[in-house]
Amino acid sequence: MLQASLADGTAHRRSVFELFARRLPDGRRYGVVAGVNRLLDALERFRFDEPTLAFLAERGVVDEPTCEWLAGYRFSGDIAGYADGEIFFPGSPILVVESSFAEAVLLETVFLSILNHDSAVASAASRMTWWAGGRPCIEMGSRRTHEEAAVASALAAYIAGFATTSNLEAARRFGIPSAGTAAHSFTLLHDTERDAFRSQVDALGKGTTLLVDTYDLSEAVRTAIDVTGTELGAVRLDSGDLPSLAGQVREQLDSLGARKTRIIVTSDLDEFQIAALAPAAVDGYGVGTSLVTGSGHPTCGFVYKLVAREDGDGVLQPVAKKSPDKISIGGRKYALRRRNPAGVAEVELIGVGEPPVDDGDDRVLLQPLVEAGKIVGRTTPDEAQAHHLKVRDELPRSASQLSRGEPAIPTEYIGDLTARNPYANRSTI
């Protein structure tokens with residue numbers, strides 16, 4: 001596409017691309033944006049060096065004039081988008097990229113790969129932390145995904161409310177808190193369970209978390225408190241009927257005087273199991289496989305589409321494809337979250353061609369991320385997490401439901417829906 005448009009002169013037409021999801025995965029009432037800061041880092045590094053250009057030329061992927069253009073590639077346009085931690089719905093213009101066609105079209109795969117992955121993890125993580133009800137969640141999924149995806153997943157989970165990660169590279173790279181526990185192999189290494197517990201406590205202190213279900217659970221709890229006294233930080237349960245076992249362990253700990261010792265549960269948890277554990281004597285959750293795989297939905301289904309481009313007279317015209325079942329609305333978008341006077345979200349309001357009017361209770365969703373090629377919209381992980389928890393509280397309570405249903409709020413379009421738009425009669429998605 002780049003080579004052909006450079007040759008015919010259309011490559012430099014001013015264009016608007018938008019990244020959005022046509023629908024939410026089954027069973028989801030909302031989605032969570034994550035990966036924006038990673039995307040900005042990737043954009044800053046997006047270059048074509050000499051070895052890359054040599055490969056493209058040798059393979060005949062592009063011709064010499066295109067290689068020359070790529071050698072000087074720097075994104076010089078504007079990008080607005082939803083911030084890390086923001087909630088999204090079907091049709092939400094999560095990213096709006098304005099530049100020449102040539103500059104923007106090259107970014108499709110890198111933008112989609114980052115946002116589809118990270119937002120899928122964050123969307124699952126948000127449901128988990130919502131149902132955890134303030135009990136801390138620990139990200140423990142590194143062994144269940146690609147090594148770099150593990151690092152990105154840890155950050156996405158933190159954005160959506162997870163307290164810590166067991167991935168130390170994520171802690172080093174992004175500054176998020178880290179935590180972990182011993183595995184069964186550590187207990188099995190020692191001649192007795194008491195020896196294993198004593199070794200761990202001697203090395204890490206009485207505030208550590210001891211894994212107590214390698215052999216006999218009741219005996220292990222008794223041994224753990226015998227070794228540490230009543231100052232043991234936590235015990236971890238990793239198998240069995242967790243609600244029942246947690247209750248038994250809580251009673252035993254209390255009877256031994258260890259009333260402040262917490263109970264952490266693991267074992268292939270997801271949001272459904274966390275919800276089921278809400279009444280149980282559990283103080284925290286370690287979550288792995290379901291989290292890093294999006295809990296059954298490893299992608300958000302984001303697409304990156306051209307919605308407007310300059311015509312021969314220099315006028316920006318809306319464009320939209322006509323493919324059945326793949327609806328897109330032409331024209332540059334602007335977005336508000338319409339809220340009622342109590343601050344509860346009611347509608348995802350999207351203006352086509354011009355911004356919707358704030359009625360006094362609304363919140364603007366698109367934030368400047370890149371201006372004339374300069375990155376201006378970075379946030380920290382802590383800022384993203386705080387933003388997510390704040391905006392999630394805006395949602396109607398039905399958004400927390402785990403059953404299948406409609407998005408928590410509808411998406412409505414206003415403005416010129418007729419110009420070159422085959423779906424002009426559709427005001428909502």
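These legends walk through an overview and a few close-up views of a predicted model. Residues are numbered from 1 along each chain as its sequence is written. Because the model is predicted, local features need pLDDT of at least 70 and side-chain atom pairs count only at pLDDT 80 or more, while totals for chains, interfaces and linings use all residues.

**View 1. The whole protein at a glance.** Here you can find 15 helices and 19 strands, taken as DSSP runs (H or I, at least four residues, for helices; E, at least two, for strands) and numbered from the N terminus. Along the principal axes, the C-alpha atoms fill a box of roughly 85 × 55 × 35 Å. Of the 429 residues, 52% are buried, that is, under 20% relative accessible area with a 1.4 Å probe and protein chains only.

**View 2. Strand β11, covered on both faces.** Strand β11 spans residues 284-287.

**View 3. β6 beside β11.** Strand β6 (residues 137-139) pairs with β11 in the parallel sense over three bridges; pairing requires that DSSP finds at least two bridges between two strands. Look for I138, whose bridge partner in β11 is G286.

**View 4. β10, helix α13 and β11.** Strand β10 (residues 262-265) also pairs with β11 in the parallel sense, over two bridges. I264 has G284 as its bridge partner in β11. From β10 the chain crosses through helix α13 (residues 271-276) to β11 in a right-handed β-α-β crossover: with the strands pointing away from the viewer, the path from the first strand over the helix to the second runs clockwise.

Note on methods:
Heavy atoms only, no water. Buried < 20%, exposed > 50% of the residue type's maximum accessible area, 1.4 Å probe, protein only.
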